[in-house]
Amino acid sequence: MDDHYFEQNLQIIAETDPATADKLRSARKPGYPEIRLSKDRLPVPVVGKKSLHSTYHPRAEAAKWVASLKLRAKDHTLYALCGLGFGYHLSELLKIIPPDRLIIVEEDTALAAAALANRPPEVFPRGLRFITGEKVVTAHQMLRKTASARKSEIRLLLHPASTHRRPDYYLTLEGIFRSEETTRHGGYKILLVSPLYGGSLPLTGYVQRALNALGHRCVVLDNTPFFPGFQHLKTLTSNRGHEARLEGGLNALLAETVTAKALDERADMVLWMAQSPAIPEVIRELQNGGIQTAFWFVEDYLTLNYWQAIAPHLDHFFTIQRGEFTDKLNEIGCENPYYLPVGADPEIHRPLELTSQERKIYGSDLSHVGAGYHNRREFFNGLLDFDFKIWGNEWDNCGPLLRVLQRRGERISTEETVKIFNAAKINVNLHSSTYHSGVNPFGDYLNPRTFEIASCGAFQLVDERAYLTENFTPDEEIVTFASREEFRDKAKFYLEHEDKRRKIAAAGRARTLREHTYQHRMLELMGVICGRRPDWKPKGGDLPTAEELIRQAGEDSELAQVMRRFVGRGPLTLDGIAGEIEREKGELTRTEAMILLLNEFRQWGIEKGVV
Amino acid sequence: MKEILVIALARLGDLVQCFPAISDLGRLPEVNGVDVLVQKDLLPLAKLHPGIRRVIPFAGDDLLSAIQHDTDWIEQGMPLVDELLSTLENPRPDVIVNLTHTAFSGKLSGILPSREVRGRSFQPETETILADRWSRYFFTLLESRSCNAFNLTDIHRDIAGGIRGLCEKPHLPQRALKYAAEKLRTFRRRPLIALGIGAHHVLRRWPVEEWRRTAVELQRSCRADIVLVGDASDRGAAEAVAEPLGKHALNLCGLTDVEQLSAILDRCDLFLGHDSGPLHLAATLQKPCVGLYFAMASAWETAPYVSRGITIEPDLPCYPCSEEGRCPDPKCHRVVTPEAVAATAKLALRGEIPELRSDCIIRITDFDPEYRLVLDGSRKEGDEKRLFWGGILPAVLNTDATFDKDNLSLYVYGHFQRHWEWDLQQLKHSVLTSVQRTLTDLQISPKTGMPEDPLLQNHPSLTAEYPIFRPLLDLYKVDCLAGDGKAVTALERILAAQDRLLQRISIVEEVLTSDLKSRIAQAMDQFEKVTVEPPLTPVL
């Protein structure tokens, strides 16, 4: 019976979407999920001890849920059913909504396959579409694209049991739409706190640009001016204990500036980048002021341990590692850390046409940009017979590597780094480790360099990492190595095959642009927060009220007259004002027309990324 | 006397492609003057056009910086918009011609007081208005590029609705001519070839190495000197191309303003480069041009607007690309070889018609008697579909004739006979394969005459607002529902369509002029004698 239903259902899906049908076919896992029979003898899936439908009367439960939604089949609305389970609720929905206006989003492809194998074809009529096994941001983009092609509004219907099982996925998806909705009216005001120095400093700029491009209003609290002072503190004493106290004092002072700035900017949220100053007292104070607090810990938790002091106090803690790190965070009271890998900024990390002079300076067969960690020193010593250039700092006492170290180990700017990525035939991307020689066999997260090189359309050889295959397809979009021998063999091969290098690099760039930009990451981050806090609304930040705009325009002006209809509405955006003028019928006054024109131009600027 | 305002807020190449439309407007009777709104940085370029009375610069950057925040638009943005509108309203335009097609230019056109807007406009109730047929066609084109046979410049001319004539050559200022003479002083030897190796989109750019090989070959075989033109971002690549040529190459990328660039191109014997601003500038200067088209660029849309211009395109089924710039492996860059490009450029340099090749598509431009650009040369699968629509649409869109089935048949017949002199067998095949391919492209259901994919059911090409394809759909819908309504094979449907087409030709015969009528009558006689072969592949 299972196979019979499965084939019949797949056949229907394959008529319109063969790729999804193939995906479902290969995802089917025998024995998954556990299936129980309900009291009325219907199959009910149980995953991780959670039953996805009532084990008494699944159909009655589904009918009750659908009735509670109070749906009316509007012509232009596209519905996304989030969580398929075994589709009892789907059958109820189809009594109201035609199949071609319903899209099923199921994160677990094996579960969706099991549903197709256990339920008859009338449950899945022609016209239904499936989005399954996609990352949450990709699922959002697919839904947006479909809705926009059909010029439809979209409404998500979150299946409660599926959402309970995977809240991070379905609530985040809902949160992304909610966060997007706010950007029609200026979005959230976000204070982004930069570190004083270090690897996550450039990321601050990428994150700010991404948030603004998404339609939020992000301002940076720049802490780099304090770096010289921080260094100066180190020269004051040789006593380690005193030094730590002085640094702690500076950190507390800088953390206090976050409160001052957040209140001054009327921020809705504070987002700290790794190594930026945060202390529990300040976090609490901000929370008391109704400000969401989030931290993006783009560090290896084994290398730096300051997360222990702050993670339990924050509303949202984003990490680039999961598994054991999640457990450790849970142990100290940080209940819902969220895994969010780093990415690339395609405006910065892009293919460049270099001059011959630049190619001469930055080009080589092998190239590495990064700090001189222990494992890199050991590994690179065995590559000195190649045309190899090493760029970056902290390479003191590097022995024979000094011969290939460029600019005596100066720090390399982002601009030059991009040129080096573009100029090298092979970028050597060996993730840092202070504990291992060569490749870290337990390495999991991906460093920013992985995404940045790919975004440049440049070729890289990267050490094998646990999270790599979920982000890139090895040998098609990226090439990996697990040992120096393997690296040497592959380097020789790819140096001889420029066409293969180009092809893989182009595919890596395409994947990065599709899934791994900071805009994707920030869309997800905002989705997580909005998903968890459905009542969180933008305060309006620094947006002017109608009263302020009237004052600016001059009380007697025609513009003031237009603005008077918005009095008492609270903070206003230009887009919101223009939208309302546009919705009103009748002749436009010249002033109203000017507002529409100005807004149209601004929207164009936002699209092009210049506003 | 009429005042005309043209909105042309475009990049260099696009602005140049508006020049003929501006000339046409100047030929209209009772025109007092043609003013043109352009991006501020292109003001010197627009001033080269002799038919423009006043060039109005649009300072987009200033306006953008004034409206960065929601707090400062009143104090900083509104005065700038007020100033812009006041300039554009004085003198008050009678006709606004919007050749920019953006939402912003549409709003601007709708907001300004005028009696008539041609091109995209706006009013609060309906948002976007496309009052004239050619504008509607342009927006349809965005969704159905594979059916188009019109150069963008011709579409601009049709939207503008002026009187077609020869294009005016830009007037180059003395200082620019002097600059060019000075810069090219060392190149006494002829010929001199300008290479434009830049393009707006990375996928439209041929790899630097290919350019390098081409340049070396041209230098070797024609003893040509090479001048590389483009903007500062092309400089690195141009340097690599120029390197092996030594003193026979000059890299001017990023070093010229638009007047100087025009003067440099004017002194060259040939322009060879991508579909880009410099190509269109060279064409408007009436220089021999060879354009290279990759990825989304298509010669059908943007071939150089000059007689005997040459285009080179990759002969690939995936070309022109529909990947929206995301193709991970642009094969088109490899299919076109430096040997083919150099050989074609050599012939163009000698004023000879290039040989058609098997490894790429070579087309040659010319103007028809109505000053509309046509393409000759290689034929590619699918071209007949473009020719089919290209034959019908100008007649239909330029008149108020009702676009019904009978007219359609007439236009198809007359057009193909007059312009391509195809015999009846070719005509029948051409019409039928065009119908088939268009239907396949748009995924039309033979049963309903509507798209099968629900996503396409709201397709703008198929809604009442964009009626370009509707006659075809009607024609086909009647045919496929012919008979008793039972299912017939695809082949039978096609044959049925064929018969009905002939019937319609005979019906409209009655309204023909006597001359054409007698020709049609002769044709009909022959028609009877021709054995109808079924199309090669029934695709429905």
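Author: Buried area is the accessible area (1.4 Å probe) that two parts lose on being put together, summed over both. The size of an interface is often given in this way. This is a predicted model, in which local features need pLDDT of at least 70, side-chain atom pairs count only at pLDDT 80 or more, and totals for chains, interfaces and linings use all residues. Residues are numbered from 1 along each chain as its sequence is written, chains are lettered from A and ligands numbered from 1 in the order in which they are written, and side-chain values use heavy atoms, leaving out hydrogens and water.

Reader: What area do chain A and chain B bury between them?

Author: The two chains bury about 4,300 Å², with 65% of it on carbon and sulfur atoms. Of the area that chain A buries against chain B, A:Leu597, A:Leu598 and A:Phe601 supply 17%, more than any other three residues.

Reader: How many salt bridges are there between chain A and chain B?

Author: A salt bridge is a side-chain nitrogen of Lys or Arg within 4 Å of a carboxyl oxygen of Asp or Glu. The count here is four, and one is formed by B:Asp82 with A:Arg590 (2.6 Å, N to O).

Reader: Which residues of helix 5 of chain B are buried?

Author: Helices are DSSP runs (H or I, at least four residues), numbered from the N terminus; buried means under 20% relative accessible area and exposed over 50% (1.4 Å probe, protein chains only). In helix 5 (residues 73-89), the buried residues include B:Trp73, B:Val81 and B:Leu88.

Notes. Helix = DSSP H or I, 4+ residues; strand = E, 2+ residues; numbered from the N terminus.
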